[in-house]
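Thanks for making time for this one at the group meeting.

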Amino acid sequence: MASVTSSTLVPPTLVCQTLGTQNALECSIHTLPKPLLREFSHVFGSNYLTFDSSNTATAEGEASNNKELLAIPTNQQAREDLVAVGDHIEKEKDRLLNVFIDFGKDL
């Protein structure tokens, strides 16, 4: 069982877009610690985040008291061994990608 920390807002949960399908994703929601927020800033630049004097992430030009960056890690169960090679493996990779994209659209 996964450990739940103070940064965990929603523990790992299976979500499925359509009942009865086996296209479930396991996801959880976490706040990001300050060191990771700094890394995000290095990767994406100041176009997306700036840091005020208290080192709290803020949206460009907005107050820092209501902004927070969240992480939503996801996991999926593959039906095939994805290390193998073949057309059926490529179809499985496409299926997993499409499930993830559909999940992202609903966010």
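Let me begin with S28, which, leaving out residues up to four places away in sequence, touches V10, P11, P12, A71, I72 and P73. Please keep in mind throughout that this is a predicted model, and that every value I quote is computed from it.

To place that residue, the protein chain has two helices and six strands, and, read from the N terminus, these elements follow the order β-β-α-β-β-β-β-α. The chain has 107 residues, of which 17% count as buried. If we take the contacts between residues at least 6 apart in sequence, 39% of them join residues at least 24 apart.

S28 is found in strand 2, and because its relative accessible area is 6%, below the 20% cut-off, it counts as buried. H30 lies in that strand too, which spans residues 25-31, and H30 is likewise counted as buried, because its relative accessibility is 18% and the cut-off is 20%. The side chains of these two residues, S28 and H30, are joined by a polar contact of 2.8 Å. The side chain of H30 also makes a polar contact with the side chain of T8, in this case at 3.2 Å. Setting aside neighbours within four places in sequence, H30 is in contact with S7, T8, L9, L69, L70, A71 and P73.

Now to N23, which sits in the loop between strand 1, residues 8-15, and strand 2. With V99 the separation along the chain is 76 residues, while the C-alpha atoms of N23 and V99 are separated by 6.6 Å. With two of the arginines there are polar contacts between side chains: N23 and R79 are joined at 3.2 Å, and N23 and R95 at 2.6 Å.

How many disulfides does the structure hold? The count is zero. As for accessibility, C16 is partly exposed, because its relative accessible area is 32%, whereas C27 counts as buried, because its relative accessibility is 11%.

Finally, the largest pocket, which holds about 150 Å³ of space. Its lining is made up of 13 residues, and those that lie nearest the pocket centre are Q22, A24, Q76, Q77 and A78. Strand 6, residues 74-76, and helix 2, residues 87-106, are the elements that give two or more residues to this lining. Which element gives the most to the lining? That is helix 2, with three residues. By residue class, the lining divides into five nonpolar, five polar and three charged residues.

I am happy to take questions.

Definitions and conventions. Residues numbered from 1 in each chain as written. Predicted model: local features only at pLDDT ≥ 70, side-chain atom pairs only at ≥ 80, totals over all residues. Heavy atoms only, no water. 1 Å grid on protein atoms, 1.4 Å probe; cavity = no way out; pocket = protein on both sides within 12 Å on 5 of 7 lines; lining within 4 Å. Points joined across faces, edges and corners; volume = space filled by probe spheres on them. Helix = DSSP H or I, 4+ residues; strand = E, 2+ residues; numbered from the N terminus. Nonpolar A, V, L, I, M, F, W, Y, C, P; charged D, E, K, R; others polar. Buried < 20%, exposed > 50% of the residue type's maximum accessible area, 1.4 Å probe, protein only. Polar contact = N/O pair within 3.5 Å; in protein donor to acceptor, adjacent residues only side chain to side chain. Contact = heavy atoms within 4.5 Å. Disulfide = S-S within 2.5 Å.
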